[in-house]
Amino acid sequence: MKATFPYMGNIYIPLSTLLKNLDIEPVIPPPPDKETLSLGTKYSPELMCIPFKLTLGNLIKALEMGADTIIHCSGFWSCRYGYYPYLHHQILKERGYKFEYIILKKEEWQNIYFILKKIYKKDYKVINKFIKAIIKTYYKSKIMEELERKAMEIRPKEKKKGITTKVLNKYLKKLYEEDNIFKMEKIKKRGIEELANLTDKKKENSFIPKIKIVGEAFCVVEPYVNFRIIEKLGELGFHADPFLTAHSWLGFHSIRLGNNIYKKVRELAKEYWQYNVGGEDTNTIGHSLLAIKEGYMGIIHLHPFGCMPQTMASGILEKISKEYNIPILDISLDEHTAENLIDTRLSAFCEIIKKRIE
Ligand code: SF4
């Protein structure tokens, strides 16, 4: 079986380990670019959100690279994410692609067992393989998170612009290629040390303002869609802290990793938001309030144009911004968004925060 899945940020690093350890060959399309987006946009209904369009483009590329199976998550989502796999499936079939489709519904995780049983035939083999694959995947994902988080901390203090991202990518590549847990640990140790050494001694003790990034999951996690906003903020001298990363998305939506923080955030959001309408709406509001409590200097709200849950959250964030006197930058993203426009708004936003600190 040669399987692919919707691409989102660095999620492919742990997921390819999961598949390989289940004896499934992963097919990873190249990182998204203009061509991928045009491809997805061309075959998507016009008003679909940008995550749908970009993931469709990625799936087309993966099928052209030889993938024969698509693995997709779905379930009773409150927003249109629940329809993604069915619509992707229909569009791709109509375009003449031949493939198997595995839809993992969050309400029916036991189906994974039956899928694996078809591959290994014997119960004990299914359990053994699955446990080992999950452990390795978890380790890899956690190490990826630690490296990415370290880079976010170091970037605003780096001695040479762009060096942190370069070093981070070098270690992420090593991590992607490694399958042994002990060697993964060594990569982490060396990576963290090398990243720590990139600090400019003159900036070591200076105050670094923190900016929280909230919004729709795909827009927060996928750097192609958000124009590498985390890197850019870091290079402008800010510690960018996304409420969600590839690791936390995988952990939360699989084994409810981080459920405690979710409960805390939901409690905080209650004053403004009582119903979950999907698309990280409660998280967006709750994490913004938590960030204010924790002394963050600004909040950036990223969301796809036409995303119903996040469009509603925008109105609440406007209110929160006024009530707590905190700058919030609202960025709506689609296939027509121009990078230079985002850069200009980002610099202006950072200037506002700098003026407040002076
Ligand atoms: S959260 Fe918004 S962008 Fe994401 S699938 Fe739902 S409607 Fe689309």
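This is a predicted model: local features need pLDDT of at least 70, side-chain atom pairs count only at pLDDT 80 or more; totals for chains, interfaces and linings use all residues.
Figure 1. Domain 1 (2-109) and domain 3 (207-358) each supply at least three residues to the shell around the ligand. The ligand has 13 residues around it, and those that come nearest are Cys 49, Cys 79, Tyr 81, Gly 279 and Cys 307. Among the contributors to this shell, helix H14 (residues 308-324) gives the most, with three residues. Sorted by class, the shell holds eight nonpolar, three polar and two charged residues.

**Figure 2. Domain 2 against domain 3.** The domain assignment divides the protein chain into domain 1 (2-109), domain 2 (137-206) and domain 3 (207-358). Between the centres of domain 2 and domain 3, taken over C-alpha atoms, lie 23 Å. Where these two domains touch, 15 residues of domain 2 are in contact with 15 residues of domain 3. On the domain 2 side, two elements give two or more residues: helix H6 (123-154) and helix H7 (163-177). H6 has the largest share of that side, with seven residues. The residues on the side of domain 2 that touches domain 3 comprise three nonpolar, five polar and seven charged.

**Figure 3. The sheet S2-S1-S3-S4.** This open sheet is built from four strands with parallel pairing. Strand S2 (25-26) and strand S4 (100-105) are its edge strands, and each pairs on one side only. Strand S3 (residues 69-74) is joined to S4 by six bridges, in the parallel sense.

Figure 4. Strand S7 (residues 298-304) and S8 run parallel and are joined by six bridges. His 303 has Ser 332 in S8 as its bridge partner.

**Figure 5. The crossing of helices H12 and H13.** The axes of helix H12 (residues 259-269) and helix H13 (residues 281-293) come within 8 Å, and they cross at roughly 85 degrees. H12 is therefore roughly perpendicular to H13. From H12, the residues in this contact are Val 265, Arg 266, Leu 268 and Ala 269. They meet Thr 282, Asn 283, Ile 285, Gly 286, His 287, Leu 289 and Leu 290 in H13. By class, the contact of H12 with H13 has six nonpolar residues, four polar and one charged.

Terms used: Residues are numbered from 1 along each chain as its sequence is written. Axes are lines fitted to C-alpha atoms, for helices over the stretch in contact, and angles run from 0 to 180 degrees between N-to-C directions. Angles under 35 degrees count as roughly parallel, over 145 as roughly antiparallel, 65 to 115 as roughly perpendicular and the rest as oblique. Two residues are in contact if their C-beta atoms, placed from the backbone, lie within 7 Å. Ala, Val, Leu, Ile, Met, Phe, Trp, Tyr, Cys and Pro count as nonpolar, Asp, Glu, Lys and Arg as charged, and the others, Gly among them, as polar. A residue is near a molecule or strand if its C-beta atom, placed from the backbone, lies within 6 Å of it. Domain bounds come from an automatic or database domain assignment. Two strands pair if DSSP finds at least two bridges between them.
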